[in-house]
2 protein chains.
Amino acid sequence: MPARRLPTLEDVAARAGVSRATASRAVNLDPRVRQQSRVAVAAAVSELGYRPNRAARSLVNREADSIAVVVPEAEDRVFADPFFAAMLASITQRLADSPVQVLLAMGQPGDGRQKIERYLRGGYTDGAIIVSHHRDDDLSGVLHETKLPAVYVGRPYAGDVGIPWVDVDNGSGAALAAEHLIAQGRRRLATIAGPQDMAAGADRLAGWSTALRAAGLDAGLVEYGDFSSSSGATAMQRLLETAPDLDAVFVASDLMAVAAMHEVQSRGIAVPEQIALVGFDDTHAAQLTRPPLTTVINPVGELAGRAVDLLMEMMNGGSVEPVVLQTSLVRRTSG
Amino acid sequence: MPARRLPTLEDVAARAGVSRATASRAVNLDPRVRQQSRVAVAAAVSELGYRPNRAARSLVNREADSIAVVVPEAEDRVFADPFFAAMLASITQRLADSPVQVLLAMGQPGDGRQKIERYLRGGYTDGAIIVSHHRDDDLSGVLHETKLPAVYVGRPYAGDVGIPWVDVDNGSGAALAAEHLIAQGRRRLATIAGPQDMAAGADRLAGWSTALRAAGLDAGLVEYGDFSSSSGATAMQRLLETAPDLDAVFVASDLMAVAAMHEVQSRGIAVPEQIALVGFDDTHAAQLTRPPLTTVINPVGELAGRAVDLLMEMMNGGSVEPVVLQTSLVRRTSG
DNA sequence: TTGAAAGCGCTAACAA
DNA sequence: TTGTTAGCGCTTTCAA
């Protein structure tokens, strides 16, 4: 609802003394435009303050000039988890200078999936980045049928054939945590694992267990959370009841780890003296706990960047391969 | 880039045995369509899985069917602050069932403002909700010129004439905190105020100071932050140096308050025994600190809901008045 | 209550 | 290298 009629390409063409077609070519940097026309059009564009009409362009190009970031989680979950937040921020930032708009589609499995599916089928978007993927979300049907360029952030559970993904090496990240704790002399090690219907949850647990067994230690002390803060607290409670003698816990996300630390400390148990704690993600919160949290770095910014790059490549018709990023451990004082 | 051609209105019309015009009317619930045609069209729509093409509709209606949520802050700030997060989540949720898309436009004052301004001028959106507003952001120029329906969340600093806003009563909220602390017998009271180029920052400080003076107490103990976590920590440090004898601090945001609490506790000072702490916002984090944070409730969900309602009203040509919501205090154990 | 026809602003054949 | 022309899918006069 602009105040006055916005200048159209027709206006630009008239002012530059060329046809609308030439103006269009100039605006779209088509090489077969004379230098002179190019300059004239550019001048007219800036004098008039011309901006292409997105809808008109979409209509003929059959492109929306937007990508969807899909998060199959409840809205409040998405914003409560710093991992998503950082992910979204990075993706947005990466696309800040391009004309591509970022659309955020969230929704829990319930009605949410339908909404998301409808959305992806609607042709409102040229591509999708799917961020948190559970085994049963099953977006692969839509994705394949619509042939919509898409990339997963986080390996899809069942390995969605033909749809690339970017992920960190979750298994070796968890192993890093295990080795670090073992090297400290901890012997009664537990883990609060993530949801097992997500590759990140399953892979971290697998890496952890393997490393423990390799060291000849018991890998049986496991409780499960869903990466949320409250689930971390509950899991920690259960762990403390089951194995009061444990001396180290690897928690599969910082969000859960922070809650777990509160849980431990509220019982008067000292961190790291009595129980060492290691998290995963290296979110901002990891630096704010007392003691600050030792954690496995999840390079969110790079993950986001690579995902955007892959998607762009696909949207340009290229074919791409999955990307695996390595992690490392930040040693702070919690363990 | 759909796999096959999506059904168009033409297809629907053909199948329903009516003209495209009638099909259009039926789809848009125009009353002057015979019952019989209406039914036929509805059937064709669902059989074909027809979805109106957004771009085509936009082109003729000159409406984008989207609203922008504008946050004039750096991307990482937006996501690091639970207040924004909750705000965005609530707005998105409110619009979940409508065809209106939510576009998120962020950007710091530097290049960001230009981007945002260009964006609002581009006609890409039918309305805007501006969430965090600083004195010098000066979006009012664009807003007035473009006559774009807009509403501020948080009273704009200088009272942007003609553009409505929704806000909590920040002054009385801060007074609530003051009275609560005073009633406890605290006498050496300080505050970590928010940025003074935002109404929320200025109003909370004013309300606090007034309440202190009304009780005959010194209102001079003030340090400033910018609502961010790190600024809260620094402000607390300064306060502790300036006035080692203080016995209560009102912190103008939970994000700052949590950091301030860590700062206090890391010096071995007991909360609330030696220093009482009261925050503002009642974000999730307020429940996670030890001790849990007493804080002033900022009803984000309602704020968001009212903002959306106002905006919709304006987009329908209605005129609206600013809305002020009342706050209350949650007493937990930090103060 | 309906249909025919025009046109939103743009891009892309096609012809020159 | 350029202009003419058609047409993307939709809504909306205008006439019937």
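Colleague: Which residues touch the most other members of the largest nonpolar core?
Modeller: This is a predicted model, in which local features need pLDDT of at least 70, side-chain atom pairs count only at pLDDT 80 or more, and totals for chains, interfaces and linings use all residues. Residues are numbered from 1 along each chain as its sequence is written, with chains lettered from A and ligands numbered from 1 in the order in which they are written. A nonpolar core is a set of buried Ala, Val, Leu, Ile, Met, Phe, Trp, Tyr and Cys residues joined through C-beta atoms within 7 Å, buried meaning that 20 or more other C-beta atoms lie within 10 Å of a residue's own, with C-beta atoms placed from the backbone. Among the 95 residues of the largest core, those with the most such partners are A:Val69, A:Ile129, B:Val69 and B:Ile129.

Colleague: Which strands stand at the edges of the open sheet of chain A?
Modeller: The six strands follow the order 7-6-8-9-10-12, with mixed pairing; strands (DSSP runs of E, at least two residues, numbered from the N terminus) pair if DSSP finds at least two bridges between them. Two strands of chain A have a single partner each, so one side of each lacks a neighbour in the sheet: strand 7 (222-224) and strand 12 (329-330).

Colleague: Which C-alpha of chain B is nearest the axis?
Modeller: Chain B superposes on chain A by a rotation of 180° with 0.0 Å of shift along the axis (RMSD 0.2 Å), fitted by least squares on the C-alpha atoms of residues with pLDDT of at least 70 in both. The two copies are therefore related as by a two-fold rotation axis. At 2.3 Å from this axis, the nearest C-alpha in chain B is that of B:Ala55.

Notes: A residue is buried if 20 or more other C-beta atoms lie within 10 Å of its own, exposed if 12 or fewer, and partly exposed in between; C-beta atoms are placed from the backbone. Helices (H or I, at least four residues) and strands (E, at least two) are DSSP runs, numbered from the N terminus.
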